[in-house]
There are 2 protein chains.
Amino acid sequence: MKSQTAERQDVHNQPADGEAVPRVCASCESRHRGICGALSPPELLRLSRTSGRRTLLYGETLIGDEQSVQSFANILSGAVKLSKILPDGRQQIVGLQFAPDFLGRPFHRESHLSVEAAATTQLCTFPRAEFERLIADSPGLEHRILEQTLMQLDEAREWMVTLGRKSAREKVASFLLAIARYIDPDRTGGEIVFDLPLTRSDMADFLGLTIETVSRQLTALKRDRLIQLEGTRRVTVLRHAMLEDAAGS
Amino acid sequence: MKSQTAERQDVHNQPADGEAVPRVCASCESRHRGICGALSPPELLRLSRTSGRRTLLYGETLIGDEQSVQSFANILSGAVKLSKILPDGRQQIVGLQFAPDFLGRPFHRESHLSVEAAATTQLCTFPRAEFERLIADSPGLEHRILEQTLMQLDEAREWMVTLGRKSAREKVASFLLAIARYIDPDRTGGEIVFDLPLTRSDMADFLGLTIETVSRQLTALKRDRLIQLEGTRRVTVLRHAMLEDAAGS
DNA sequence: CGTACGGTTGACGAGTGTCAAGGGTAGTGG
DNA sequence: CCACTACCCTTGACACTCGTCAACCGTACG
């Protein structure tokens, strides 16, 4: 549970000229598919001047519930879980984010959820205040954030159906399909192999189940030859269509 | 199941001068607390020229799943439920909206949920294309939409905890508290009386339960003197604190 | 008066959670 | 190289919540 924070070295920000992209940003995925794609080179420079890198190890929390938020971030690699915890300790994961997603809730001082690494994760962080000023100046940036927020809302609503109306088997099948779709969006048949990005415990918190039930449903899907398991993480989807049936769509 | 569509009469759009607010908008709640508050009088005029009124009766659907969306709307009065339906008919309500909320999913051609009146509802509708052009021209409008979307995301995530981790009793108590909070946001003690905006069936679809379970939990809360019921709709919250306990926060 | 609809209540059983035991694997220290 | 430990996962037995099925009530409406 250690964390490293490395301030970007100055040489990385030397612009060759006014139009150059900061070197830290040059090969960054967020600059292409993420929100930074909306920024012009000067704006990128402005943001990168105040940005820093940070590495989170599994289980490390970036920010807890009710804490005041001083910074936002882009995910460079890894996986982050957003979760809520009831007073008695019951937990529900309400969002999973991967590179190059933006992390943060603009226009609120306080976090109403806890943000935790679900794997070793690299972040590019920047101060909240500076970022909000940049939003105000750059409609394109706000537009990207709106698009990401709308997508997250779509995802959240999709999960609500899973949480509210699906059986344990359907929940687990839905989760496997969601991961498979993330790995290989176009594939709808044939075998797909991947490593689960979450532990059983995280899967349980994500699906509103217990770890025992998750485990039982996985072995049931394996017994029924819909999937194959090697170790605890590696999954092979054997019968995509049957798995979709099992997911109740 | 009838619907009325009344094109706004021209007289309503006569601006007294360039800065006047269209008459249809003059007393509209959406102009103050809703997204139209971001619009200047000329922009408001531009939008109102293409807008129309529509009344939906209970159960009437504005737009179904998978349908292409031609128009957006503001809710003038009433209540609207956003729901998703699984192939076998299981239904989950993923959002409830009231005046002066904006209805629509910008930047997508297709609806991925069905939008249905949960009570007699009045809408102010306008064409999708025209509205998206207006968004592009007006950063203030996009900002309001972002704020509403962020709020809806917060709400969705709050519900995910309820759906995934709470018992039937906690779900029903949480729902009652949410309504009470909507009716009287500041009150945290004393009696609160209100009419449920949803039928038992809608409450069940909202909470991921069956109508029988909802009914049983309501009578249980009544038996325990946390609430009082008159008829099927009117609820009196008797012990706010105990109801919050029952909701598991 | 009959019917339709929304809601309540009861009996029962399936699906999950709870509790407990044990297996597998990686890391640590002897 | 081999115990030892810690952690994650699996499996089983059992209990309990909640869904299913069915009967019935009350009100609105024709």
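Which residue forms a salt bridge with A:Lys84, and how far apart are the closest N and O atoms? In this predicted model, the partner of A:Lys84 is B:Glu158, with the closest N and O atoms 3.1 Å apart. The rule finds 8 salt bridges across the interface of chain B and chain A. Between these chains, 18 residue pairs are in polar contact, both residues being at pLDDT 80 or more.

Four elements of chain B, namely β5 (79-85), β6 (91-98), α5 (139-165) and α7 (200-207), each supply at least two residues of the side that touches chain A. The most comes from α5(B), with 21 residues. By class, this side of chain B comprises 21 nonpolar, 11 polar and 12 charged residues.

In terms of contact, 44 residues of chain B meet 44 residues of chain A. About 3,900 Å² is buried between the two chains, and carbon and sulfur atoms give 63% of that area. B:Arg157, B:Met160 and B:Arg165 supply 20% of the area that chain B buries against chain A, more than any other three residues.

DNA strand D has 16 residues around it, of which A:Arg200, A:Ser215, A:Thr219, B:Ala168 and B:Thr213 come nearest.

| Residue | Atom of DNA strand D | Distance |
|---|---|---|
| A:Arg200 | phosphate oxygen | 2.8 Å |
| A:Ser215 | phosphate oxygen | 2.6 Å |
| B:Glu212 | base nitrogen | 3.2 Å |

Key. Residues are numbered from 1 along each chain as its sequence is written. Chains are lettered from A and ligands numbered from 1 in the order in which they are written. This is a predicted model: local features need pLDDT of at least 70, side-chain atom pairs count only at pLDDT 80 or more; totals for chains, interfaces and linings use all residues. Side-chain values use heavy atoms; hydrogens and water are left out. Contact means heavy atoms within 4.5 Å. Buried area is the accessible area (1.4 Å probe) that two parts lose on being put together, summed over both. A salt bridge is a side-chain nitrogen of Lys or Arg within 4 Å of a carboxyl oxygen of Asp or Glu. A polar contact is a pair of N or O atoms within 3.5 Å; within protein, one must be able to donate a hydrogen and the other to accept it, and residues adjacent in sequence count only if both atoms are side-chain atoms. Ala, Val, Leu, Ile, Met, Phe, Trp, Tyr, Cys and Pro count as nonpolar, Asp, Glu, Lys and Arg as charged, and the others, Gly among them, as polar. A residue is near a molecule or strand if one of its heavy atoms lies within 4 Å of it.
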